[in-house]
Amino acid sequence: MRTNGWKPRTADSLMLYVFVGVLFAVGVVFGALAVHALTLEQQQNLSGDLDRFVKTMEAGMFPDEVDTFWSRTAFYGKWILLIGVLGLTVVGLPFVLALDFLKGALVGFAIGTVVSEHGWKGILFALASVVPPNMIVVPAVMIASVAALSFSLHVIRYRLMQSKGKLRPAFVSLCMMLALMLIAVSAASLVEAYVSPALMRWAAPLLME
């Protein structure tokens, strides 16, 4: 009985991970293409901002690591908690998907901006700046999203449509998953505060050549 009850949930989770993953990938492509949709003036402004940022990196002028850690932890934490709250409301389910798409678009836009300006050198800089923290943040956002979507679907399936089933196990599972993802994004903030600056300091001169 337990095995038969677990299989559908496992299958549902896998389908949700695939769906969220595809949605994120579409967002990345959209964000990367959006760079080319900017006007010439907007592209020039972005290029100027990027050049100034690279020069500060090359000069070793980085924000305070502790301030960076706490600010990024707060930012990522709010993102995870917002996903959780939207999942709890059930009606916020489409907005969870919108956040996944938006996260992909932001990553794609950041990478696309650097690559469009500096080609393969931009790829190296993106690998040093954008990729390291997002190797943790993106999976954390996806896992939190699947947990939130699973809770919403559980409520719709077993409470709204069938009026049976317990909410507490699903609620506890969601809260535990969100707590773990908050820890994960805190680790990503550590990477962004202490590891990324060192990598960017190495990669910045490449863009100035």
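This is a predicted model: local features need pLDDT of at least 70, side-chain atom pairs count only at pLDDT 80 or more; totals for chains, interfaces and linings use all residues.
The structure holds one salt bridge, a term that here means a side-chain nitrogen of Lys or Arg within 4 Å of a carboxyl oxygen of Asp or Glu. The partners are R72 and E192, whose side chains meet at 3.1 Å, N to O. This pair links distant parts of the chain, since R72 sits in helix α3 while E192 sits in helix α6, 120 residues apart. Residues are numbered from 1 along each chain as its sequence is written, and side-chain values use heavy atoms, with hydrogens and water left out.

How covered are the two partners? We call a residue buried under 20% relative accessible area, exposed over 50%, and partly exposed in between, using a 1.4 Å probe and protein chains only. R72 counts as partly exposed because its relative accessibility is 24%, and E192 counts as buried because its value is 19%.

Let me now step back to the whole chain. Its secondary structure comes to six helices and zero strands, where helices (H or I, at least four residues) and strands (E, at least two) are DSSP runs, numbered from the N terminus. Of the 209 residues, 39% count as buried. If we take contact to mean heavy atoms within 4.5 Å, then among contacts between residues at least 6 apart in sequence, 83% join residues at least 24 apart. The accessible surface comes to about 11,900 Å², and 72% of that belongs to carbon and sulfur atoms; these areas come from the Shrake-Rupley method with a 1.4 Å probe, and for residues only the protein chains shown count as cover.

Next, please look at helix α3, which has 25 residues and reaches 36 Å from its first C-alpha to its last, close to the 36 Å expected at 1.5 Å a residue; the expected span is 1.5 Å times one less than the number of residues. Among its buried residues are T68, F69, W79, L86 and G87. At the start of the helix, a side-chain oxygen of D64 reaches to within 3.1 Å of the backbone nitrogen of V66, and after the helix comes V90, whose phi is positive, near 70°.

Which residues does S152 touch? Leaving aside residues up to four places away in sequence, S152 touches L86, G87, V90 and L93. S152 itself is found in helix α5, residues 131-160, and counts as buried because its relative accessibility is 1%.

Finally, we come to the surface, where V66, W70, L190, Y194, V195 and L199 form a nonpolar patch with about 560 Å² of accessible area together. Patches are made of residues with over 30% relative accessible area and no salt bridge, with like charges joined within 9 Å and nonpolar side chains (Val, Leu, Ile, Met, Phe, Trp, Tyr) within 5 Å. Helices α3 and α6 each supply at least two residues of this patch, and α6 gives the most, with four residues. V66, which lies in α3, counts as partly exposed because its relative accessibility is 40%. Also in α6, which covers residues 168-208, is A198, and A198 counts as partly exposed because its relative accessibility is 41%. A198 and F62 are 136 residues apart in sequence, yet 9.7 Å apart in space, C-alpha to C-alpha.

How values were computed: A polar contact is a pair of N or O atoms within 3.5 Å; within protein, one must be able to donate a hydrogen and the other to accept it, and residues adjacent in sequence count only if both atoms are side-chain atoms.
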